[in-house]
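Me: I have this structure open and would like to go through it piece by piece. Can we start with how some of the strands are arranged?

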Amino acid sequence: MRKTFRNYWVPFCLTAGAVLTTGSSFAQQVTIPVETQHNALVLQTDAEKNLKMVYFGAKLGNTKEYESIQKMYNQSDDSGILNSAYTPSGSANLAEPAITVTHADGNKSLSLAYVSHVVTKVDDDISLLTVTLKDPAYDFEVKLFYKTYFKEDVTEQWSVIKHGEKGIVTLNKFASANLNLKGAGFWLKQYHGNWALEMQPEEAKLTHGIKTIDSKLGTRANLYEPSMFMVSMDKPATEDEGKVLLGALEWSGNFKIDLELDVANNLRVIAGINNAASEYHLKPGEEFTTPALVYTYSDQGKGDASRKLQNWARKYKIVDGEGTRLTLLNNWEATGFDFNEAKLAELLKDTKKLGVDMFLLDDGWFGNKYPRNDDHAGLGDWQENKQKLPNGISSLVKEAQANGVKFGIWIEPEMVNPKSELYTKHPDWVIKQPNRPEKYFRNQLELDLANPKVQDFVFGVVDDLFTKNPDLAYIKWDCNAVIYNAYSAYLKKDQSHLYIDYVRGLYKVLERVRAKYPKVPLMLCSGGGGRVDYGALKYFTEFWPSDNTDPLERIFIQWEYSYFYPAITSSNHVTDWGKQPLKFRTEVAMMGKLGFDIVISKLSADDQAYLHEALKNYNSLKDVIWHGNQYRLQSPWDNDAASIMYVSEAKSTGVVFNYLVNNRYGTGTHVPVRLKGLDPNKKYQVKEINLYPGAKSSLENNLTLTGDFLMTVGVNPHVNSNRTSVVLQIDEVK
């Protein structure tokens with residue numbers, strides 16, 4: 001007679017390299033706490049082997065008490081709302097499903113029963129939980145993966161789907177994660193936007209029913225609705241108080257995030273690839289792996305949650321996240337498409353004169369039969385334009401080296417202009433409907449990255465540049481169009497695979513690029529912030545938040561991006577956009593990876609003197625900005641002046657950026673701004689830096705105060721209409 005145990009508790013905590021396995025034959029109820037340093041997600045089976053998510057929040061001191069959580073809720077399963085860890089459709093569930101399938105025999109029902117789970121301890125920080133679920137009636141399996149980063153309080157969650165049925169199974173919906181939250185109410189902060197209007201926030205209480213955030217753009221998927229979100233529990237979280245979940249889907253294509261508040265006031269968050277026009281036909285034995293949803297939780301407000309996500313990204317996700325970055329001068333605002341070797345030679349001299357690391361050549365350097373003199377022609381023909389660059393890219397790389405700087409270049413290799421040799425030679429490589437008029441976005445179309453030959457071509461664009469120019473130091477990778485008239489000549493009858501296979505093809509190309517050129521800096525650009533996600537950022541060192549470089553607008557855009565992405569990933573350029581002075585524009589750009597897109601020779605002597613001093617200060621503080629902890633002190637949305645602070649891990653150095661964002665009469669900082677993140681027992685010297693030539697600071701000399709004073713009382717940067725931007729440096733007094 002087999003012995004079973006009614007309650008079976010499994011801790012998610014093992015020594016490095018250890019593996020723990022359990023099977024359903026051992027237990028009637030299994031409880032699996034998925035714990036990080038401060039948080040816990042708890043999975044539990046019921047008597048019918050349904051796997052539920054019964055808890056999400058701060059972890060308990062006594063882990064065995066997780067078994068009792070479900071008993072505290074008076075909810076009957078008769079409602080068909082099961083708090084499933086991965087909700088199937090067509091059987092006993094009545095809630096929004098995480099997965100919907102059509103079996104090989106045409107049946108659309110699905111039931112997923114717990115079979116087993118395995119916990120692998122990767123190292124002292126990372127653990128991987130794998131839970132296996134199977135349909136008792138069909139040879140159909142789903143594995144749920146929970147990869148936890150203990151110190152950072154971050155989890156990546158995804159699923160792998162496969163079957164052994166006799167024929168094709170159609171995946172109609174296939175989420176990455178299915179979270180169940182409990183609370184006295186839920187508030188969603190989401191984002192919307194457009195070109196030059198990225199990351200516009202909206203926050204509202206969720207009401208019963210389903211709220212959906214999604215994209216159907218194919219590429220540049222975050223253009224209208226980014227795939228990042230926050231959910232506050234019990235009450236709206238503030239910067240420093242409240243319970244909040246931050247989530248972001250690691251996928252660079254169509255996405256869908258469903259938030260369903262059910263009749264029992266539970267909130268389900270179901271996130272993954274958008275299944276619209278994307279049914280996927282799965283062969284027997286083939287695995288379908290969904291992208292990860294990365295999320296973190298804090299009961300100490302949005303600021304704490306964002307710092308956890310930033311720390312995780314620097315350490316584990318972005319390329320060289322704990323390393324350095326290149327400052328640069330770009331030619332786009334100075335020349336547009338209109339340049340030649342002589343003009344570029346002058347800009348290369350300006351690069352050296354300015355004191356930055358690199359010159360970046362933007363759009364317009366390629367195409368001969370169809371020269372790239374505007375955005376109507378040339379995309380796809382990646383040979384140097386002989387009229388503009390008779391001596392080629394290699395001569396510019398050498399010229400840069402002669403000036404003591406590096407050289408980088410812009411490409412948009414996923415795209416093609418109809419007016420190009422590539423389009424003429426390979427029309428079957430282009431995404432377009434064969435029987436409909438072509439519709440263009442920025443006068444261009446996408447190449448079909450579902451096609452391996454196209455993948456080879458796109459990789460070849462990058463590889464040829466580096467092969468011919470081994471000292472090339474940087475690539476700006478753009479993606480300006482969305483997909484209209486979706487059709488792949490390569491996929492033939494599997495047209496519903498296009499949106500998914502395009503992104504997979506892009507990742508295959510980027511994997512090849514990184515395998516051969518692992519450390520070369522790459523900027524992720526998409527007409528601004530149209531493609532900002534951790535699915536792509538694992539291959540890039542930085543991203544371009546917006547083509548809108550008006551510094552006043554950038555304060556708001558960068559503020560919101562910073563909840564999900566660290567400063568080291570944010571490429572910020574000083575340009576002639578906006579009405580603010582050069583000092584204001586430069587200091588906004590300093591809150592990340594600094595670049596310039598201005599004509600240095602046209603600047604006044606005072607402007608040039610200011611820039612040299614600002615770059616000197618930036619170089620001494622960039623490690624704190626890039627790798628330190630960020631604290632938002634005063635929101636631009638709610639105050640006349642915005643204040644943002646970065647503090648070193650050792651709490652020995654900090655920098656505070658302050659900006660006037662309301663130009664009405666008499667506005668500014670009239671009371672001290674309370675700092676954050678310092679050691680209350682240390683003494684700090686506070687001084688104003690980046691003073692414009694001839695200006696004097698309003699702060700007293702050698703101002704020395706304790707961290708306790710600075711965080712409790714604060715310091716007034718005296719931002720006003722005469723001092724629209726003020727930067728304060730905070731240094732520990734030994």
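Me: In which sense do S30 and S31 pair, and over how many bridges?
Reply: This is a predicted model. In it, strand S30 (residues 571-574) pairs with strand S31 (residues 593-596) in the parallel sense, over 4 bridges.

Me: How does the chain get from S30 to S31?
Reply: The chain passes through helix H10 (residues 582-589), and this β-α-β crossover is right-handed. H10 packs on the sheet, where it touches S30 and S31, and its direction makes about 170 degrees with that of S30.

Me: Are the residues of S30 buried or exposed?
Reply: They are buried on both faces. Ser571 and His573 are on one side, with Asn572 and Val574 on the other.

Me: What sheet do these strands belong to?
Reply: An open sheet of 8 strands with parallel pairing, in the order S29-S28-S27-S24-S23-S22-S31-S30. Strand S29 (542-543) and S30 each have a single partner strand, so one side of each has no neighbour in the sheet.

Me: Which strands does H3 lie across?
Reply: Helix H3 (residues 341-354) lies across strand S22 (328-330), strand S23 (358-361) and S31. H3 runs at about 150 degrees to S23.

Me: Now the sheet with S32 in it. What is its strand order?
Reply: The order is S32-S33-S34-S37-S35-S36, an open sheet of 6 strands with antiparallel pairing. Strand S32 (629-634) and strand S36 (703-706) are the edges; each has a single partner strand, so one side of each is left without a neighbour in the sheet. On average, neighbouring strands here are turned by 25 degrees against each other, direction ignored.

Me: Over how many bridges do S32 and S33 pair?
Reply: S32 pairs with strand S33 (residues 641-647) over 5 bridges, in the antiparallel sense.

Me: What about the largest pocket, how much space lies in it?
Reply: About 550 Å³. The largest pocket has 25 lining residues, and Glu239, Trp559, Leu633, Ser635 and Asp638 lie nearest its centre. Strand S13 (200-205), H9 and S32 each supply at least two residues of this lining.

Me: Last one. Where is Glu152?
Reply: Glu152 is in the loop between strand S9 (140-149) and strand S10 (154-163).

Me: Is Glu152 buried or exposed?
Reply: Buried: the relative accessible area of Glu152 is 8%, and the cut-off for buried is under 20%.

Me: What is Glu152 in contact with?
Reply: Leaving aside neighbours within four places in sequence, Glu152 is in contact with Asp125, Thr296, Lys308, Asn311, Trp312, Lys315 and Tyr316. Glu152 and Thr296 are 144 residues apart in sequence, but 8.4 Å apart in space, C-alpha to C-alpha.

Notes: Residues are numbered from 1 along each chain as its sequence is written. This is a predicted model: local features need pLDDT of at least 70, side-chain atom pairs count only at pLDDT 80 or more; totals for chains, interfaces and linings use all residues. Side-chain values use heavy atoms; hydrogens and water are left out. Buried means under 20% relative accessible area, exposed over 50%, partly exposed in between (1.4 Å probe, protein chains only). Two strands pair if DSSP finds at least two bridges between them. A crossover is right-handed if, with the strands pointing away from the viewer, the path from the first strand over the helix to the second runs clockwise. Axes are lines fitted to C-alpha atoms, for helices over the stretch in contact, and angles run from 0 to 180 degrees between N-to-C directions. Contact means heavy atoms within 4.5 Å. On a 1 Å grid over the protein atoms alone, a cavity is a set of points where a 1.4 Å probe fits but cannot get out, and a pocket is an open set with protein on both sides within 12 Å along at least five of seven lines; lining residues have an atom within 4 Å of a point. Grid points are joined across faces, edges and corners, and a volume is the space filled by probe spheres set on the points.
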